[in-house]
Amino acid sequence: MTKPKILVARAIFPEVIAKLEEHFDVESNQADETWSKAQLTSKLRGKQGAFTTGGDRIDAEVLAACPDLKICANMAVGYNNFDIAAMSAAGVLATNAPDVLTETTADFGFALLMATARRVTESEHYLRAGKWTKWSFDMFAGSDIHGSTLGVLGMGRIGQGIARRGALGFGMKVIYHNRSRLEASIEAELKASYVSKEELLRTADHVVLVLPYSPASHHTIGAAELAMMKPTATLVNIARGGIVDDVALAAALRDKRIAAAGLDVFEGEPQVHPDLLTVPNVVLTPHIASATIPTRQAMANLAADNLIAFFSGKKPLTPLNASDVAAK
Ligand code: GLV
């Protein structure tokens with residue numbers, strides 16, 4: 001029997017490639033070349049399945065050129081690289097990689113929050129530059145985490161993980177805003193209170209963004225929202241580039257309208273707006289919130305298992321548009 005043809009669009013763990021090869025005729029990008037959209041499209045032509053990462057855009061144009069495609073399995077929980085409506089219309093199943101990265105990503109959200117509030121990288125740069133010649137009473141004085149108010153915008157699984165760390169580990173008062181309110185029992189466990197977005201921005205000492213990107217969440221934090229925040233507040237974005245207006249944020253940081261920001265994601269990444277590179281009160285990391293080897297292995301295996309289940313006629317583990325594809 002001929003095996004289905006799949007494309008693995010980025011370099012991944014060799015053992016995951018080996019597992020895929022047991023089931024599929026695999027073309028993979030183990031050289032990790034950066035493909036243009038036209039190159040990705042041409043590689044995908046004639047493939048029935050794709051193993052994608054968050055940077056691989058699958059939209060109507062790609063789908064029209066790849067009529068054999070049946071499934072795209074994303075090795076990411078976020079899937080704004082997929083045009084889900086176009087995929088459903090083309091009868092292409094989309095899967096993502098939730099759950100397996102929740103705790104690792106929440107750990108990182110907290111790490112970025114701590115580094116931002118306590119000015120860890122800014123002070124390290126100072127030390128490395130040989131500027132540390134004496135102690136002073138207010139040197140790199142930051143803001144407290146313990147006992148402060150944590151505002152979580154987007155209270156899905158990762159947001160809840162951050163809230164849990166804040167409330168139970170650091171005695172923070174947790175407020176949150178989300179499309180829908182959590183069940184009372186979860187609010188009680190997380191010691192979290194539901195507030196409007198405006199109240200969250202006005203009262204939180206630390207705002208952490210964990211909401212999914214969509215056109216509706218584009219620039220959820222812009223100049224107006226930054227103006228609502230306390231001048232002592234910090235802002236952390238581990239969600240997606242585009243949720244924050246990076247130019248407005250750089251201006252707010254430069255003018256000390258908020259104290260500091262920690263960013264793991266950027267508009268137009270891997271490019272970073274030059275204004276962000278020149279302000280000192282921002283911690284910048286290259287989209288690594290889920291980056292531990294066990295978690296990245298779990299994400300890659302989940303994407304692979306989605307492909308394997310689908311082509312074995314079983315239910316994929318984490319489908320995004322199964323009912324729409326089935327209804328077609
Ligand atoms: C990472 O950003 C992910 O969506 O998994």
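Which helix gives the largest share of the lining of the largest cavity? Helix 6 does, with three residues. The model is predicted.

**The cavity**

Rolling a probe the size of a water molecule over the atoms shows where empty space is left. The structure holds one cavity of 30 Å³ or more. The volume of the largest cavity is about 50 Å³. Its lining includes Ala 115, Thr 116 and Arg 119. Val 120, Thr 121 and Glu 122 also belong to the lining.

What kinds of residue line the cavity? Six are nonpolar, three are polar and two are charged.

**Two domains**

The protein is divided into two domains. Domain 1 is made of residues 5-99 and 293-326. Domain 2 covers residues 102-284. The centres of domain 1 and domain 2, taken over C-alpha atoms, are 31 Å apart.

How many residues are in contact between the domains? Seven residues of domain 1 are in contact with six residues of domain 2. The size of an interface is often given as the accessible area lost when the parts come together. Here, domain 1 and domain 2 bury about 550 Å² between them. Carbon and sulfur atoms give 42% of that area. On the domain 1 side, Asn 80, Asp 99 and Thr 295 supply 72% of the area buried against domain 2. No other three residues of domain 1 supply more.

**Salt bridges**

Side chains of opposite charge can pair when their charged atoms come close. The whole structure has 17 salt bridges. Across the interface of domain 1 and domain 2, one is found. Asp 99 forms a salt bridge with Arg 157. Asp 99 is also one of the three residues that supply 72% of the area domain 1 buries against domain 2.

Another salt bridge joins Arg 165 and Glu 103. Why does this pair tie together parts that are 62 residues apart in sequence? Arg 165 lies in helix 7 (residues 157-170) and Glu 103 lies in helix 5, so the pair links those two parts.

| Salt bridge | Closest N and O atoms |
|---|---|
| Asp 99 with Arg 157 | 3.2 Å apart |
| Arg 165 with Glu 103 | 2.8 Å apart |

**Backbone details in loops**

Now look at the backbone. Is the peptide bond from Glu 269 to Pro 270 cis or trans? This bond is cis, with omega near 10°. Pro 270 sits in the loop between strand 11 (260-263) and helix 12 (274-278).

Two residues other than glycine have positive phi values. Phe 140 has phi near 50°. Phe 140 is found in the loop between helix 6 and strand 6 (149-153). Lys 191 has a phi of about 50°. Lys 191 is placed in the loop between helix 8 (184-190) and strand 8 (192-194).

Key:
Residues are numbered from 1 along each chain as its sequence is written. This is a predicted model: local features need pLDDT of at least 70, side-chain atom pairs count only at pLDDT 80 or more; totals for chains, interfaces and linings use all residues. Side-chain values use heavy atoms; hydrogens and water are left out. On a 1 Å grid over the protein atoms alone, a cavity is a set of points where a 1.4 Å probe fits but cannot get out, and a pocket is an open set with protein on both sides within 12 Å along at least five of seven lines; lining residues have an atom within 4 Å of a point. Grid points are joined across faces, edges and corners, and a volume is the space filled by probe spheres set on the points. Helices (H or I, at least four residues) and strands (E, at least two) are DSSP runs, numbered from the N terminus. Ala, Val, Leu, Ile, Met, Phe, Trp, Tyr, Cys and Pro count as nonpolar, Asp, Glu, Lys and Arg as charged, and the others, Gly among them, as polar. Domain bounds come from an automatic or database domain assignment. Contact means heavy atoms within 4.5 Å. Buried area is the accessible area (1.4 Å probe) that two parts lose on being put together, summed over both. A salt bridge is a side-chain nitrogen of Lys or Arg within 4 Å of a carboxyl oxygen of Asp or Glu.
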